[in-house]
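Here is a short briefing to read with the model open beside you. Take a look at the fold, then work through the topics below.

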Amino acid sequence: MSAHFPAMLLTATAFTSSISSFLLAFPALFSIVNPFGAALIFAQATAGRSQTEIMALARLVSFYSLCLIMASLWLGSMVLAFFGITVNALRVAGGLVVAVRAWDLLQSPETVEAQKEKQALQGGRTVMAPNWADAAFFPLAMPFTVGPGTIAVAIALGSGCPADEPFWAYTIGTTLAGVCVVAIVWAAYSGADKLVSMLGVTGTRIVSRMAALVLLCIGVQILAAGEQGFATDMWRHLLAIKLHA
């Protein structure tokens, strides 16, 4: 019994870490991607296409979006190390980006929708070219679905594993969160026409504002974590100087 207790404790700790990282990552990614709001513009971008083509395009956009989010979650820390950027610096910058975007969405969702529409419609044109699948990665996957803000949040999440939690368990939680968000993107894009008729512009803006409020809180939390990290590092540096003096 006592021999198996440490393994059981480790398993419980890992499970708790996975759940907590999922609960942190999912609302952050969902709020900044905003699948329901993006689906309305996706419906405009694919106007005139058959349901079969829309379904195929939604799958392709979702696949590219998943690749972008997973690359940011898994490889973001390596990119930071290559450029000599600390996690705390990314948290401060990412928190500011997320908070500013959330504030803009709270104050003027129409402006944010207009920017998204400009990205997706490529200057007012719907995706009507014969090689319409070429638009799946650019601009529909990036930057329309997964933009700079989403990438910054994903990198911050992927690099933000607490020191007292198992890294693999934390990574499982953030990865599942990314997969769930992309699954919602696929469902929303596939049924964009139905979503438009069900929610409408007003309903979508209500959902967007609620998501923006959550996103603002998450941005502030990421920013505070970065500032706390800087303060902790500075305190440790001062203590080290004092000990060697």
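Which residue forms a salt bridge with Arg49? Glu53 does, and the closest N and O atoms are 3.1 Å apart. Please keep in mind that this is a predicted model, in which local features need pLDDT of at least 70, side-chain atom pairs count only at pLDDT 80 or more, and totals for chains, interfaces and linings use all residues. Residues are numbered from 1 along each chain as its sequence is written, and side-chain values use heavy atoms, with hydrogens and water left out.

**Salt bridge**
- The whole structure holds 1 salt bridge, meaning a side-chain nitrogen of Lys or Arg within 4 Å of a carboxyl oxygen of Asp or Glu.
- Glu53 is partly exposed at 24% relative accessible area; buried means under 20%, exposed over 50%, and partly exposed in between, with a 1.4 Å probe and protein chains only.

**Nonpolar core**
- The largest nonpolar core has 46 residues, and Phe42 and Tyr189 have the most contacts inside it; such a core is a set of buried Ala, Val, Leu, Ile, Met, Phe, Trp, Tyr and Cys residues joined through side-chain atoms within 4.5 Å.
- Helix 3 gives the most to this core, with 8 residues; helices are DSSP runs (H or I, at least four residues), numbered from the N terminus.
- Leaving aside residues up to four places away in sequence, Phe42 touches Ile54, Leu57, Ala58, Leu140, Phe144, Tyr189 and Ala192, where contact means heavy atoms within 4.5 Å.

**Helix 7**
- Helix 7 is mostly covered, with 9 of its 11 residues buried.
- Among the buried residues of helix 7 are Val153, Ile155 and Leu157.

**Pocket lining**
- By class, the lining of the largest pocket has 9 nonpolar, 4 polar and 2 charged residues; Ala, Val, Leu, Ile, Met, Phe, Trp, Tyr, Cys and Pro count as nonpolar, Asp, Glu, Lys and Arg as charged, and the others, Gly among them, as polar.
- A pocket is an open set of points on a 1 Å grid over the protein atoms alone, where a 1.4 Å probe fits, with protein on both sides within 12 Å along at least five of seven lines; lining residues have an atom within 4 Å of a point.

**Backbone details**
- Most residues other than glycine have a negative phi, and most peptide bonds are trans.
- Asn34, in the loop between helix 1 and helix 2, has a positive phi near 55 degrees.
- Asn34 counts as buried, at 12% relative accessibility.
- A cis peptide bond joins Phe138 and Pro139, with omega about 10 degrees, and Pro139 lies in helix 6.
- The bond from Met142 to Pro143 is cis, with omega near 10 degrees, and Pro143 is found in helix 6.

Technical notes. Helix = DSSP H or I, 4+ residues; strand = E, 2+ residues; numbered from the N terminus.
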